[in-house]
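Below are some comments on the model you sent.

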Amino acid sequence: MRHAVRCCIWCWVITATLCVAAGAATLGDTFVVRVYYTSGEDIQRLVTRYDVHEFNDHDERCLLLTASTGTLARLRAEGWQVMIDTNRSLEFIPPRDVFRRPPPASVRPHEFYGNYKTAQEIVAHLHALTAAYAHIATLVKYGEAFCKSTGGAVTPGGQTQEVHDLLALRITATNTPGSKPVFFLMAAIHAREITTPELALRFAHWLLEGYNTDADATWLVNEQETWIVPLVNPEGHWIVSLGTQPPYNGNPFTQRKNAHQDRCTAWPPGDWAQYGIDLNRNHSFLWGTTGISTAPCDLVYCGLAPASEPEVAQLQQLITNLFPDQRGPLITDPAPSNTTGILISLHSYGRYVLWPWGHTSAPAPNQAGLRAIGLKLARYNRYRAGQSSTMLYSTSGDSTDWAYGELGIPAFTFEVGTSFMPAYSAIDSDQWPTNKGALVYAAKIARAPYVLVNGPDALHVELSPTPSNIVVVQAVIDERGSGSNLVAGAEWALEPFHHAAVETYSMHAADGAFDSVYEPVVGYLDSAALEGPYTMIYVRGRDALGNWGPMSAVFAGEIPEPAVGLACLLGLLTFCQRRFDRAHDLFTLRPGQRAEARN
Ligand SMILES: [Zn+2]
C-alpha cells in the first residue's frame, strides 16, 4: 500500500498539474494537499497556521492540509513544496451531487449528508436509549456548551445558533454495589470528525443490547461503569450540519472548533479561518505551550485561558469526579502500576492509536505501560501506534495529555478512518468492525490497565456438554501481543476473579503441556453448579511471568445441544485443533471479518 503510494507520486504530480490546468473544475475550490517538510520546525509552523489533518506521513515527510485556491497560492508563495492529493481531495469534499439524491420515505427529520445524525438527533437517540435501557443506562447532563451557557448566538451568516447541553451516557448495572472501574469513551471534540459520535453510539448499543445476551457485555455492565460522551462539541456539530441546510444546501461545513465567536467573524468556516476555540488545545494541562495558535481565527486557537471553554471545563470536572488522581505532582512522576481507569478519545482520521505525551517527544513516565496498551489496542484495530508528538506532531492542551497528566490514567487517541466525512456506510463497513475489538479490550482492562495488559487474552470461551453431568469449558489463551511469554496457566470461576473469596478452578493445556505463547485450554465443571442459563463462567489466562490477563465469559445457556456436544467431546482433539485454527485466524483476518470474534 505504502509502496504503491510512493510509486504513484509522479501520477499525482501529473494529475495535480492537469487538475490545476483544467481550472480545478473536477475538484471544486477546496483541495487536500500534501505539503512536504524537512524539519520539526516546519511541522510546527504548518500545524499552527494551516488546517493540518490529523495525519503525518513519515516516509514521504509530508502533512495533509485542507487548502482553498487562495491557501494553495499562499503556501506556494511561502515556498512550501505542495502537491494536490487528487484522490483525497475527492474523498474529502465529494462533488455536491454525490449526496443530492431524493430522500427515502423513511428519512429522519434531522439526518444530514446521507444518514449522519444532527446534534438534535444524537440527543434524541441518547434519550431513547436511556428510556429503553433504564435499568442500566442513565443520561447525565454535565454542563452546557458555550452558546447555551452564554444565552445564545447568531452566526455571521445570520442563522440562530442551535444551543446544547453537554450529555454523557452512563452504563452500569446499579444493582451491583461498590465503586467500579471506569472506561471513559469520548468523541467529536473536533466537530467535523462526524463518524466518531456514531462509533461511540455503536459501542453503547453493543453494551446495552448485549446485556444478558453477550456474556462479556454483561460482565462489563455488571462490574464496571462505562461513560460515553458521543458529542463533546455539540454546537460545533450543528455548524457542520448547517452547511447542508438552507440557504447553503451544500457539503457539511468543516468546523473543527466550538461555537464561541471570540474576536473572529470568519464565515463560512474555512481552512484558513474559522471562529471558535480548538477544544483539543484548551485543556488545562500545560495549556498553550506548543502546537497551538493564539490567533482567534486559526484552526488550533487555544482560547484565552486554560479550560476557558465550558465544553472543556465541565468535561474535566466530570472526568475528575470519576477517576481518582493517581499520579504525583511532578512531570516525571509515574502513576502506580495498579492505576485504575482508562480513557479513549475518538478522532478522525489517519488510522492511528496515539498515547501521551503530545507536548514533548520525551517519553511519559508510564511510557512502558502506555506503549504496551497502545500496541495491544492497535493489534485489534490494525492501526499504526505511537506517541502522539512523534507519530503526528506536537500538541498541548489536548484531552489525553490532560487525562494522563492530571490523573495518571492511560489515555489514547484513536484517529479512525481515512477521511473526515466518508459515506455513512463506511461506519458499518469499516470503522465499527475495525475498532470494536479494541474498544472492548480497553473496557476489559479498565480495572487495572497497566497490569492486565501484561497478561494473555482469554479468547473463544465456549462450553460443551458430555454424556455425564460434566461440562467442558474451553478457551484459547493468547499471549502474543502481551509480551509473548509462554502461557503458563488458565482458570475458570463462577464469579469474576476480583470478587472476594472467589473459588477458581485450574484449566489444562488441551495438547497436554503449557509450552506455547498460544494455548487452547480445557476445564471441567459440574453442571449441578449451574443455577440456570444466565449463570456465567469466567476464564482468564496467566503467562510464565505470573501476569494474569483480562477475563472473558460465557453464559451457561450457551451450551450447545447434547448431540453436538457429544460429537465435540468424542472428537475433542480435532475440535481443539479447530478452535486453535480459528483463534489463530483472529489476527490474520481482514478487520471486517473478525467482527463476530469473541474477544
Ligand atoms: Zn481531531
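1. The pair to look at is helix 8 (residues 196–210) and helix 9 (residues 215–223): their axes come within 8 Å and cross at roughly 95°. The coordinates are those of a predicted model. Angles of 65 to 115 degrees count as roughly perpendicular, and helix 8 and helix 9 are therefore roughly perpendicular to each other.

2. Which residues make the contact? From helix 8 they are W206, L207 and G210, and these meet A217, T218, L220 and V221 of helix 9. Sorted by class, the contact of the two helices has 5 nonpolar residues and 2 polar ones, with no charged residues.

3. The length of helix 8 can be checked against its residue count. With 15 residues at 1.5 Å a residue, helix 8 should span 21 Å, and its end C-alpha atoms are 21 Å apart, so the two agree.

4. Burial in helix 8 covers T196, P197, E198, L199, A200, L201, F203, A204 and L207. Of these buried residues, L207 is also one of those that meet helix 9.

5. After helix 8 comes N212, which has a positive phi, near 75°.

6. Taking contacts between residues at least 6 apart in sequence, 73% join residues at least 24 apart.

Note on methods: Residues numbered from 1 in each chain as written. Predicted model: local features only at pLDDT ≥ 70, side-chain atom pairs only at ≥ 80, totals over all residues. Contact = placed C-beta atoms within 7 Å. Axes fitted to C-alpha atoms, helices over the stretch in contact; angles between N-to-C directions. Helix = DSSP H or I, 4+ residues; strand = E, 2+ residues; numbered from the N terminus. Parallel < 35°, antiparallel > 145°, perpendicular 65-115°, else oblique. Nonpolar A, V, L, I, M, F, W, Y, C, P; charged D, E, K, R; others polar. Expected span 1.5 Å × (residues − 1). Buried ≥ 20, exposed ≤ 12 C-beta atoms within 10 Å, placed from the backbone.
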